[in-house]
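Below is a walk through one predicted model. The text starts at a pocket and then turns to the sheet and the helices around the chain.

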Amino acid sequence: MESGQSYHIFNHANGAENLFREKENYRFFLQQYNKYLEKVVDTYAYCLMPNHFHFLVGVREDLSGFQNLTGLIKHPSKNPAIKGFADFFNSYTKAINKRFERKGNLFVRAFKRTPILSEQQWQETFLYIHLNPVIHGFVKNHPDWKWTSWHEYQNSGQPSKLNREYFLNFFDDLAQVENLMEIKKEWLINKDLE
């Protein structure tokens, strides 16, 4: 993962398991995410679903403070972003294993990270992440799903760990995003009917 590059990060639970079994699991997941990654990536969007998750992130430009750290830690990756995600997944897995008396991997081994290479791809990823609960049939309207960054955009006066200003590089304002979400939702609904 390269400094200054945006990525769509996603992963899935192993087999038919869920990553989140209780409401507290969602909160703890976000807490651990911030603990391991807030100094490494800027987060622009997220959605947590029962058996998978999505993040839209940008790897921070200045990771110089991590050079000595990565040299000391015997980890196969010298990349602070990959190391941060690996440590995050490991800490969450250990906590879930302990809580539910389970063993082994919780996540599919290698997390997916798709580089965002164009303005259109960034826009599409941002919309897709927020529409994920609609796509999977959990809710009819994206604001009805609790575990998404959409609420942090709607309540911009509330404190947030998100970089909520960055989306303005790709959209005029939140009203434009809401309009595009409705258009995309209608397209998805009509696509399913065909």
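**Pocket, sheet and helices**

Fifteen residues, written as 15 in the count, line the largest pocket, and those nearest its centre are Ala86, Phe89, Asn90, Asn105 and Arg109. The space inside this pocket comes to about 370 Å³. Helix α3, residues 80-99, supplies the largest share of the lining, with five residues. Sorted by class, the lining of the largest pocket holds eight nonpolar, five polar and two charged residues.

The strands come next. Four of them make an open sheet, and reading across it gives the order β2-β3-β1-β4. The pairing in this sheet is antiparallel. Strands β2 (41-48) and β4 (112-115) are the edge strands, each pairing on one side only. On average, neighbouring strands of the sheet are turned by 20° against each other, with direction ignored.

Within the sheet, consider the pair β1 and β3. Strand β1 covers residues 6-12 and strand β3 covers residues 52-59. The two run antiparallel and are joined by seven bridges. Phenylalanine 10 stands opposite histidine 54, which belongs to β3.

Two helices can now be placed against the strands. Helix α1, residues 23-37, lies across β2 and β3, and its direction makes an angle of about 165° with β2. Helix α4, residues 119-135, lies across β1, β2, β3 and β4. Relative to β2, helix α4 runs at about 35°.

Note on methods
Residues numbered from 1 in each chain as written. Predicted model: local features only at pLDDT ≥ 70, side-chain atom pairs only at ≥ 80, totals over all residues. Heavy atoms only, no water. 1 Å grid on protein atoms, 1.4 Å probe; cavity = no way out; pocket = protein on both sides within 12 Å on 5 of 7 lines; lining within 4 Å. Points joined across faces, edges and corners; volume = space filled by probe spheres on them. Helix = DSSP H or I, 4+ residues; strand = E, 2+ residues; numbered from the N terminus. Nonpolar A, V, L, I, M, F, W, Y, C, P; charged D, E, K, R; others polar. Pairing = 2+ DSSP bridges. Axes fitted to C-alpha atoms, helices over the stretch in contact; angles between N-to-C directions. Contact = heavy atoms within 4.5 Å.
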